[in-house]
Amino acid sequence: MSGSESAPERNDPSGLRRIATGSTVGLAAGIVGLVLPLGLLLLASYSPGTVIMSPSELIQVTAVLAITGALLFFASLLLYRFGFASLRSIDRRFWIASALCMLGTVGLLLIVLPIAVALLSSDAMANCIQGAPTKASACLRSAAPLASYVAAAGFVLVWLGGLGIVVGLGLASVRYRQAWLTAGAALYALVVLGLIAPALALTTPVGGLAYAILALPLLVLIAPAVTSHGSHRAMAVG
């Protein structure tokens, strides 16, 4: 009797469905909020004639893309959080992942503020960057010190949110014995590690730290794609 009552709970696909949706939204967020802005900045730096925009307009466009991406990441983390919360009936340890993802959503809201500052002070930012995208954090620190510290606090919370995804996917991979979810957790762990250097660059003027962000776009695309595939496979086996 008890076994039949627990079966629907064990096989309830809502948690995995939310994780799959969160990973899909996360993929869109990575494209809009990271890959496109970095691509535009790099294109303007190494092939100026291909971007028909003034430096200040370029900053404005990339800032708008970054804000849109941050809001998509916000939605993605919320979906991950709801997915892990649904799985707490299976394993109470999922509450840790759910709580960390919630902290990450707060961090993303904090990051929107310095991006908005960059948008409002696009002329100053454009003059400071002068074709070197990796100087963006130092320029923001110079133009708006308070905003840079708010961004640093936001990065810390986003980092914790990313850690929540790693923890949650790790637990899900063990529960559903799905290697693709294990791979997704490992790839998100690399993203979390890759976020450390850019976060330090916002408060610590150490040369070269900001270059680490250039390695993130590929991981930000692969990690959610692998996670989505793993979630759908787990639901199919279910």
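**Notebook: a helical chain, looked up piece by piece**

I began at Arg-177, which sits in the loop between α7 (145-176) and α8. The model is predicted, so I note the limits: local features need pLDDT of at least 70, side-chain atom pairs count only at pLDDT 80 or more, and totals for chains, interfaces and linings use all residues. Residues are numbered from 1 along each chain as its sequence is written, and side-chain values use heavy atoms, with hydrogens and water left out.

**Entry 1: the loop residue**

I checked the backbone of Arg-177. Its phi is positive, about 50 degrees, although Arg-177 is not a glycine. Most residues other than glycine have a negative phi. Is Arg-177 buried or exposed? Arg-177 counts as exposed because its relative accessibility is 78%. My cut-offs are these: buried is under 20% relative accessible area, exposed is over 50%, and partly exposed is in between (1.4 Å probe, protein chains only).

**Entry 2: the whole chain**

I then stepped back to the protein chain. I found ten helices and zero strands. Helices (H or I, at least four residues) and strands (E, at least two) are DSSP runs, numbered from the N terminus. Read along the sequence, the pattern is α-α-α-α-α-α-α-α-α-α. The chain has 238 residues, and 46% of them count as buried. I looked at contacts too, meaning heavy atoms within 4.5 Å. Of the contacts with a separation of 6 or more, 79% join residues 24 or more positions apart.

**Entry 3: α10 and its two partners**

Two packed helices are described by the angle between their axes and the distance between the axes. The axes are lines fitted to C-alpha atoms, for helices over the stretch in contact, and angles run from 0 to 180 degrees between N-to-C directions.

I took helix α2 (residues 14-46) against α10. They pack at an angle of about 165 degrees, with axes 8 Å apart. α2 and α10 are therefore roughly antiparallel. For the wording, angles under 35 degrees count as roughly parallel, over 145 as roughly antiparallel, 65 to 115 as roughly perpendicular and the rest as oblique. The crossing of α2 and α10 is left-handed. That label applies if the near helix is turned anticlockwise from the far one by less than a right angle; clockwise makes it right-handed. The contact of α2 with α10 has 15 nonpolar, eight polar and one charged residues. Ala, Val, Leu, Ile, Met, Phe, Trp, Tyr, Cys and Pro count as nonpolar, Asp, Glu, Lys and Arg as charged, and the others, Gly among them, as polar.

I turned to helix α8 (residues 179-194). α8 and α10 pack at about 155 degrees, with axes 8 Å apart. This pair, too, is therefore roughly antiparallel. α8 passes α10 in a left-handed crossing. Their contact holds 15 nonpolar, six polar and one charged residues.

**Entry 4: two residues of α10**

I picked Ser-228, in helix α10 (residues 216-237). Ser-228 counts as buried because its relative accessibility is 13%. Which residues does Ser-228 touch, not counting those up to four places away in sequence? I found Ala-20, Ser-23 and Thr-24.

Met-235 is also in helix α10. Met-235 is partly exposed, at a relative accessible area of 24%. Leaving aside neighbours within four places in sequence, Met-235 is in contact with Pro-13, Leu-16, Arg-17 and Ala-20. I also noted Tyr-176: Met-235 is 59 residues from it in sequence and 9.0 Å away in space, C-alpha to C-alpha.

**Entry 5: the aromatic rings**

I counted three aromatic pairs in the structure. Tyr-80 and Phe-84 have ring centres 5.9 Å apart and planes at 25 degrees, so the pair is stacked. Rings of Phe, Tyr and Trp (its six-membered ring) pair if their centres lie within 6.5 Å; planes under 30 degrees apart count as stacked, over 60 as edge-to-face and the rest as tilted. Why are Tyr-80 and Phe-84 separated by about one helical turn? Because they are four residues apart in helix α3 (residues 55-86). Both Tyr-80 and Phe-84 are buried.

Phe-84 and Phe-94 are stacked as well, because their centres are 6.2 Å apart and their planes lie at 25 degrees. This pair links distant parts of the chain, with Phe-84 in helix α3 and Phe-94 in helix α4, ten residues apart. Tyr-80, Phe-84, Phe-94 and Tyr-188 form one aromatic cluster.

**Entry 6: Thr-105**

Thr-105 is buried, with a relative accessible area of 3%. Not counting residues up to four places away in sequence, Thr-105 touches Phe-74, Leu-77 and Leu-78.
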